[in-house]
Every structure is written in C-alpha cells, then in structure tokens.
Amino acid sequence: MTSVSRTAADPNAVRPPRAVVGSQISQDEVIFGAAFDRKVVRRFAEYLKPYRKTMYIALVTVLVFTGAQLSIPLVIRYAIDKALVGDTGGQALLTLAVAVFAAVIIVNYAANYLQDRLVGLTGERVIFDLRSAMYAHLQNVALTFMDRTEVGRMMSRLQGDVNSLQEFLENSITAFGDLVLLFGIVIIMLTLNFELGLLTLSVVPTLFFVRMVWLPRARKAFRRARETNSINNGALAEGIHSIRTVQGLHREAVNLELYGDKSQENLRAHLSSAKFAQVMVPIVDTLTGAAMAIVVVIGGTLVLDKELDVGVMVAFLFYVQRFFDPIRSLTIQYSVMQRAMASGQRIFEVLDVPLAISDKPDAVDPETVEGALELRNVTFGYYKDQPILKELSFKVQPGETVALVGPTGSGKTSITALLNRFYDVWEGEILIDGVDVRDYAKAALGRHVAMVLQDPFLFTGSIFENIRYRTTGAKREQIEEAAKIVGAHKFIMALPFGYDTVLEQQGHNLSMGQRQLLSFARALVADAKVLILDEATANIDSYTERQIQIALQRLLEGRTGIVIAHRLATVRNADRIIVLQEGRIIETDTHDALIAKNGLYAKLYELNYASFDDLPEDIVNNTLTAPVRS
Amino acid sequence: MDSTTSAKEPQQLSSRIYARSYAGLEIDPDRNISDDAIVFWRIVKLAFSNRIRITLALVGIVAAACFQLMIPQLLGDAVDGALGLVGKGNVSVEAGRDALYFAAWLLMGAAVMRGLFTLLHNYCGESIGHLLAYDLRIAFYAKLQQLSFSFHDHVHTGELITRGMLDLEGIRSFMNTGLLRVFLLIILVGVGAYLLISTDLVMGLLALSFVPFVMWKSAVSRLKLRGLWWTLQEKMAVLGRIMDENLTGIRVVRAFGAEPYELEKYDVASEEAHTLAAERIKTRVASTTAMTFAYFIAMGLVLWVGGTRVIEGQMSVGTLTEFLTFMTILQLPVRQLGLVVNSFARTLTCGARMFGVLDLEPVIGDRSEAQELPANITAVKFENVSFAYPGEGLPTVFNGISFEVSRGKTLGIVGPPGSGKSTIAHLIPRFYDVTGGQITIDGLDIRDIKLSSLRSKVSVLAQDPFLFTASLENNITYGNPWAEDADIRNAAAISQIDGFIDGLPKGYETLVGERGASLSGGQKQRVAIARTAMLQPEILVLDDSTAAIDAGTEQRIRQALKEQARSAATIIISHRLGTLRHADEILFIENGSVVEQGSHDSLVALGGKYAALFALQSREGEETVKAAKGAAE
C-alpha cells in the first residue's frame, strides 16, 4: 500500500495518496462455479416439483417445436423433388406440400408460444418461490447467524443470486432445445445422404479444437470483466453511502480520480472480453462457408450425376446454415450454468442455516401470563468457552421493575436477549410464570414479552403503521392514545401529514429521541405483560430524556419490567437494582439499601454523574479493581 | 375489516410523497412520447460522438450485410449449376461442374468476409458501449459527489445505486444489441428487398410481406413493455426495501414476534411484483411468437407462389432456393427483433433515469465571482439567518438568528430537539444554503467563497460518523491522503485513540468499517475526531460528536484539540452541559431563535431555561441552581 512510499529515498518524490475507494476486502464470493453441480441441481429441482406437470408439458413443447423446425427443410425438399422437378402432377403435389408446410408452421407457432410462455412463467414463479423460501427461512434462523452476516451480502443473495438461477432455468430449456436440434440435424443429414452428411460434418472437429484453445482464455477474460464490474459497483455504493462524509472532508477530487482508475480497469477488462467473444465469429463463419462449399461441390456433383435429388442438396444447405446456431448458443449456456451453480450454492447455503430456535411440538401458547420471571443458574455466551453469564440466578415478581446496572461487558444485554429467546442458554433455565421459555411457542413469547431496543428501528411507511406494527387489529384511536401516553402525539401532529406522514429512510428524518418515543408507543400498542427495555442514552438529549422518563413510568405500569439502565433517574425509579459485573450479580437491592451498603453501586453513585455512561473508564476500572466490601 | 380503510389511506399518501421526493429529479413516469424522442436522440448522439468507431461499425455492418446477401444468390446459382443450368440455358455437365466450383469458392470467400466484417462491427459496437459506459460511470459518480445534501436527503441510496448499475448497463448494452442491430436489420431488409424485388417483383414482395407486420407488432409491444418495465422496477424496489428493512431490523421483528406480519407484508409485495413480471413475460412471448409465425407464413407463400412459377417454367429451382435462403438469413434478426424491442424499451427508461441525474444542476456551487478565503480567519458570523429545508410544506427551522464566533473562541449551542442545533452545523460548510440573511466569514458572504476553499477550512464532526471499509490509517487520513506518519500519530493522540490502535495486532493497518473490525460507538467517534484533527480546520463544529465518549476522555480530547486548534473558531453543539460549560459563550436555542445567551455562570445565575436544564442533568446542578435561587431571594 503506502509502505514503499514511506521509505522512499527521495522525500520530494510525489507519493501516491493513502487513499482507496471501495471495499478493501477482495470479493470473496465465487462468481463462477463448476458448470454442473449435482447437489445444487438436485436441490433446485425440489423447487420445480410443484410445477412438474408444467415442466413436462414444456419439455414436450420443446420437442414439438424443435421437430417442427427440423421438418421445414424436409417439406421444402419434398416440394422441390416431387412437385417441381418431378414429371407428373406438379401443381397438386405443390399444393399438398404447402398444406403440410402450413400445418407444420401452425404446430411450430403453438409449440413456440406454449414453450416460451410456460418456461418463462414457471421460471419466474420458481424464482419468486425460492426467494420467499429464503426470506421465510431467514425469519427463523438463529440470531447468531444474522449477527455475523452483513445485510448487504444477504440482499445480494436474495436478489442477484436468485436472478442468475432464473436465467439458468430459462436457458436450460433453450439449451435442451438446442441439443435436440443439433442431434436432429446430424441424424437427418446422415439419413438423407450418409456420405454427403459425413463430409459436411467433417468441419465440426475443427470447431471443437479451436474452441478448446479458445475457451480457457476467453473464460478468464469474461471472469475478469465481471469481477471488475463488482469492484466498480462496490466503489459506487460506498461513494453514495458516504456522500456526506466525502463532501464534509472535501475528498471529491481524490475519490473521482481513484474511481476513474477502477473504471479504467473495468473498461480494459471489458474490451478484452469483447475481443474474445467476437473472435469466434469469423471462425464459425469460415467453417459454415466451408460446409456450404462442400455441399455445393460434392452435393452438386452428385446432383449433376443424377445420384442425388436436388431437393436434398437444398435441404442440406438449409441445415448447414442452422447447424452452428445451437453450438454458438450452447457456449453461452456454459457460462450461465457456471454462474448459476455458484449462485445456487450460496442460496442453498442460506437455506441450510439451521433453524436454531423452533417451537417444540407441545409448545404452550397461553392467552395471558402473570409476568413472573426467573433466571436459574444461567450460563451463556456467544463464543465457545467464553461465557458472558455465569450461573446467574434471580427472580422478578409480576409488576416489578428491575434495573440492570453494570459496566460494558457485564452481561446486561445478554440477559435481555435471552428473555426474548433470541438465543438459547448453555446451561440452566429461564422461566416465565414458572415455565421454561423453550416450552413456549415463539408466537407466545412475541406477544407477551415486548422489547424496546437501544437503537429504535423504524420501517419505511407511515407513523401510524410504525406504531401499529404487528398489532394490525389496532384502531386509530388506540394508536393515538398510545402516542399520547408516551408523549409523542404533539410532535407527530406537527408533522406535515400527522400520523400519515411517511417516514423516509427508516425514520432518519426524525430525531433519535423522537424515534425512541415512537418505539415506546409501538411497545405500548403491542401490550405485552413483560417489557424489556434497553435504555437509549448516548443520543438522547435531556429534554427528550425527561419525556422518556415519564413515558417509561407509564409504559411500565402494571407490567414486569427489566430495564438496562444508564441514567441515574431511571435507576432510582426502579423497584430493585441488580448490579452486574463480568456475568455475575455482585449486589442487588433497592436504591436506598444499596447506598446504605456502601458497595460498588454506592461508589459509582457517589461519583456524581447523571449517567453511568459518563463515568470515565479509568474510574470505573479503579473502583472495580478495589476490593469490594461485603 | 376495519383496518383496511385506515391502511389504504397512508398507502395512497405514500405514493404522493414518493412523487414529491422525485420531483427534484425531473422525472415523470407518465412522460409522453416526445420526451422519449429526446432521450433516444441523446443516446444516439452519445454513440455517434465516437466518430472512428461508429464509422468502422457502420462500414462493417454494410459490408457484412452485403456479403451476407451474396450468399443466397450464390447458393441459388449453385443449385442451378447442379441442375445443369447456367445463365438462362441448359449447359453441359462439365460447365455445370465448373459453375459449382466457382460458386463454392465465392461462397467460402463471402462467408469469410462476412465473418471478418461481423467481427469488426460487433467489436466496434461493443467497445462503443463500453467506452460510453466508462464516460457515463465517471460522470454519474462525479455528479453524485457534487449534488447537495438536500438531493441525497430525498433520494434513497438504493435508488441511486440502481441507476448507477442497472440503468448504466441498460444504456451500454443498447449500443450494440439495440441501435446497431437495428441498423444491420435495416440494411439487410433494405438491400435484400432491392435485390429480390429487382429479381421478381411479386416474389420479392411476398418474401418481405412479414416485415410491416413485425414492425407494427414491435411498436405496439414496445409501448406496453416499457410501461410494464417501469412499474415492475418500482415494485421490485419496494420488495427489496421490505427485505432490507426486515434484515436490518431483525431484532425488532423477533422481539415483537412479528414474523407472520413481516411475511405477509412480503407476500403482498412479492405477489404484486410477480403479477407484473408474469404480465411482462406474457406480453413478450405473445409478440415474439407472433412475429416468428408471420415470418413462416411469408415463407410458405414464397414456397407456394415460387413453386407454381417453377412448375410453369417461369423460374428456376435455384432462384426459388435463393428466395428461401434469403428468408433464412432474415429469420435470426427477425427473432432477435423482440430482444431489440425490449432493449429499446429498457434503454429509454434507463436513459431517462440516467439523464435525470446527470442533468441536475447542483443547487450549491461556486458563483462566477467566488473568492478564496484569506489565510487566517478572524470570525464567522450568522447575520439574521433564516432557514427551511428544501421541499414542499417543510417548516422553517430558524427565523432570523444572529451570533458570532471569533478565532480562538468557543461557542456552545444547546436547545431542545428540533430547535435547529444541528442545522447550524450544516449551514457553515454550505451543505445547505440559508434561505434568508447571510453567514459571513471575515465579512464575506460564504456563498461568495469558493466551495473548495470554504470546506477546506471548515470541519463538521457529526454524531454518527461514517467509517470506510479500509485501514484505520486510510480512515484517519481521509481528508488529507498525503499526510505523513507523524501527523497521523499526532491526530490519533489528540483523539485519545492512539493507545487503542497501538494495542491492535495490526495497528494502523487494521481494517475497520462495515466489513472490518467492529468498533464501539465511542471508538468510531474518536476515529472521526482524529480524521478531523488531521485537517487542522480554522472553523471547527462539533455536533454532538462526543456523545458516546465517556466524560473523562472527552475532556482530554477537548484539551488536546484546544491546544492544536488554538487559532480555530469552535462551535460545540451538545445536549450534555458538561461538554459546554467551558465555552466562552453559550446559546440556548428554542423554536428557531436564541432565547438565552451568555457564559455558563451567567446563564445559571439567570435561572432560566439553561439553569433548569443544568439542574436536570446533575445533582450538583440541582444544588447550584437552588443556591442561586436562594441568593436571588
């Protein structure tokens, strides 16, 4: 990168900037796979199963279509030999030939129409099915998988990879047709006149030889072109996402130059790939010419010697002209297949991610819950051998609000994630009303345990839709009521279309505090007995903070609450405080009792910060390393 | 159901807002045909701007078509030769054999020449497309970099990426598979028609009889496919957005047990898109197969009428073969016509969308007489500034706000959300332009200063910094890629991130950003501060940029920044009063105007809104304010 320039002998040398555009991680996704991957094809075939009948019909239509195409030169041959060159009954035979021709082209038309339509529609349907299957699957895969996977990468599987499979499906039917056509032409030519057929086909080995030399090189060029495309597109996407930073840091000129370099590489790769693609054209044309010349010279001589009907010669000329078309398009199919196999692998990789958390067959789904929570000897972590929570136990009574307090990494967020069964515990159990969360239906947990995340996520759509969210039965009054309770009504009404204002870009046109209030309202409408709340702090200003404190009190009324608290005010208002450190409880009691105890909490409190997040790191560390009096 | 009525309303609204946000792009989906013509001619003009290649391509097409058209005649001659017919009369077997050899050599020659000229025109056509794509790609990127924040606020990033990728690709592939292919087809049909009609008028007309039908059919389906393409693209964009949001907000989805709801939302969008996709296929298939059918009907007519003439002795079998093989030559281009039609439809859409962006004039740019900023700035001044974000029905953010910060001084700004604090940060580097009043630097209206000069002296640090997927070094030097090692270390030290970086196994080479190592919010903010410290700005605006950094570290950063930027005018926007209390002056902003102004102590003593906020934020504040109130009483 820049190491060379840094040690450059000449300090006045203009060295390249320490700058790049686009992702620095090379595209680790394989673009082309093997041309045929049995596993992928078999898996893919499962998605075709519901349309098996249609596919069979499509295959039949392909055969009929190809058959019709193959018989047209034969009809012409018949017309020439029997009606035109023959001696008797010319006009009647011609009429018959034309009638047969008409029948053939009608069949051809119908088969063509049916084939294209069936294949096109089924392909489209299967692709939508496949995408839906992936999407539905992703709804239920373990969060640990989602945590590790970028959304952008998943999207490229849901969109790009799915499309290349569609291309494959449509093309494979055409490829089938091409193969049949190829064999049909060979068989017909050999049947019409074996010697002439053999001589004409003698040009084919040359083509195979040339292709063998050409293919590996051409494939490399095509691959390079595709790679530079995705590099360029990555850089463009970065440029768009980072536009505010780019303008703020005045980096436009440098970026444009770097982007220009990448585009130049892309251009070069494409020009080279175009050369490779076109160089085959004169070769195929020369061979076609040679084949026609053979038919003309050999076939023509046979006709002159009255050993061959002139109609056969004409039919040969027709077949020779068509002969190279399927060979040419089969070359294209090859790279389509390679791409599809690579895409298929990635798609099925997603579909193979195990559904870590699924309902037991006898899962309970109670109408209501009391809201008593208990963690019993819970051990849990995200990485093997690195437990975050260590044999943790505590109980929360229905209606009680408990504040979780502790430094970063103490396990607060993990506790909340477990209560919602985002993950399963390693050991121990988590009970709601005395029943293990693993014994509840997922839907039941979703209904009875609501969660407000630190970073409120809103969807594109109206404010109304965002607050209502999953509770689709909620009436407008309920929505407004909820917004009033959390104190969001006022700012909503000040927006241009009130509750119908559409949030653009996931609500980024609202302030963080406003988004937080909306997510409170959403939780309120969901009306769950247990409420888990990761208090948003860093980005909330004191005004909204006060509103949020009030909203919080209202939200927690009559519910069991677990709050990851940052603000002293929140902590003080809780019924009970649990102080965590490295996955263990070190203190738990009411605010006053903890102060009286003069332990870690009291020490932190004494430091006089409004928020625990404001505590300087070194002070926390000192306090933590100091022996805790018990 | 009750919710259907209430759900419908926002949906209609959503399309209204959609239309509004795209108003800035000057794209109207219901454009009439004359606009199409404009887009088309622009694309053609772009193609013709590459004179040499387009000339070669056209020459190649004409030559390739002529050689191609020689082939049927040669084949016809060969068939006649085989029947012992040369010229008009019967000849000997010997002469027929000579004619066969002659025709065979010519056939070989014509086929080779056709291949070479096809290579020429296809390669030139492809390269015109690629060269054009290269130009457009850079122009698009450059334009996006110039367009102001208000444009980027309104246009979804995914939408722009689509334009830069798919629409550009559409225009590129049009060059060879659309524009030049049509030209080839015209030459083939035109010259072919001349040859055939001059040979036999009736037969020629019959052989070409399918052409008008194909042209009519393609024109009709072009219109339909284009409309379908537009709507399908939109539906697919909606589907993409739903998936993207679902995956991004997966925790919300899971927490609410909203998977069934999300699936239903997806299914509705997916079905809508699928219906359109299916409609598109049906339309396409119906038109392409009808075109092929018309071709075969014409061939049947040629066979019939031609056959009759042969029987009547008015025509030779060779001439009939010539007509039939001529039609074979036309078969492939005619079948491709469907694709070409698609390509035209797609290109007009893509072109409109591409030019829609390229034609935009950045709202914010240099005036003709714009000046450079002087070396040492003394003060930045807001003079009666008013501002509203661009867009219909958006409220005014401020109404006549005035203040001044001079070199070496720090101004603190605080106020409730929506009071316009952050907007102030965006106005100084002209991310947006004021709608009333002016902002001046040393008496010069910032709109009269060169944008490059202004932005090189003003740095704004935002709350949520964007880090690039690149090394820490590249991130820190983002604004000054020519920086030296010492500067980088110095900047890292100022932002108190040097210790952390030194502790990393790869140090400054560690990849960060979306696909690199994950940093905490505070660490990201510190990298962003280092990035700004590199630039040594003369006007520094910190917009809540230390919110995720603990108070102790923040204090040290502030101290270090102050030492480095002794000569800078600093504006700190924060809701954390601890951050602001050392500022020389503090503004309390509410509803777009300054309601309190003074030092921390004077504002606390004033006992107004600032004092109330101070009390709210700390127990110390509570006591101080109480004491101040007691003293006042």
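At what angle do helix α3 (residues 52-84) of chain A and helix α4 (residues 90-140) of chain A pack, and how far apart are their axes? The angle is about 160 degrees and the axes lie 8 Å apart, with axes taken as lines fitted to C-alpha atoms over the stretch in contact and angles running from 0 to 180 degrees between N-to-C directions. That makes α3(A) roughly antiparallel to α4(A), a label for angles over 145 degrees. The crossing of this pair is left-handed, that is, the near helix is turned anticlockwise from the far one by less than a right angle (clockwise would be right-handed). By class, the contact has 26 nonpolar, 9 polar and 1 charged residues; Ala, Val, Leu, Ile, Met, Phe, Trp, Tyr, Cys and Pro count as nonpolar, Asp, Glu, Lys and Arg as charged, and the others, Gly among them, as polar.

All of this comes from a predicted model, where local features need pLDDT of at least 70 and side-chain atom pairs count only at pLDDT 80 or more, while totals for chains, interfaces and linings use all residues. Residues are numbered from 1 along each chain as its sequence is written, chains are lettered from A and ligands numbered from 1 in the order in which they are written, and side-chain values use heavy atoms, with hydrogens and water left out.

Chain B has its own helix pair: α4 (residues 93-146) and α6 (residues 157-199) pack at about 155 degrees, with axes 9 Å apart. That makes α4(B) roughly antiparallel to α6(B), but here the crossing is right-handed. Their contact involves 12 nonpolar, 7 polar and 5 charged residues. Chain B holds 22 helices and 14 strands (DSSP runs, H or I of at least four residues for helices and E of at least two for strands, numbered from the N terminus).

Helix α12 (residues 412-419) of chain A is mostly covered, with 7 of its 8 residues buried (under 20% relative accessible area, 1.4 Å probe, protein chains only). A:Arg421 follows α12(A) and has a positive phi, near 55 degrees.

Key: Buried means under 20% relative accessible area, exposed over 50%, partly exposed in between (1.4 Å probe, protein chains only). Angles under 35 degrees count as roughly parallel, over 145 as roughly antiparallel, 65 to 115 as roughly perpendicular and the rest as oblique.
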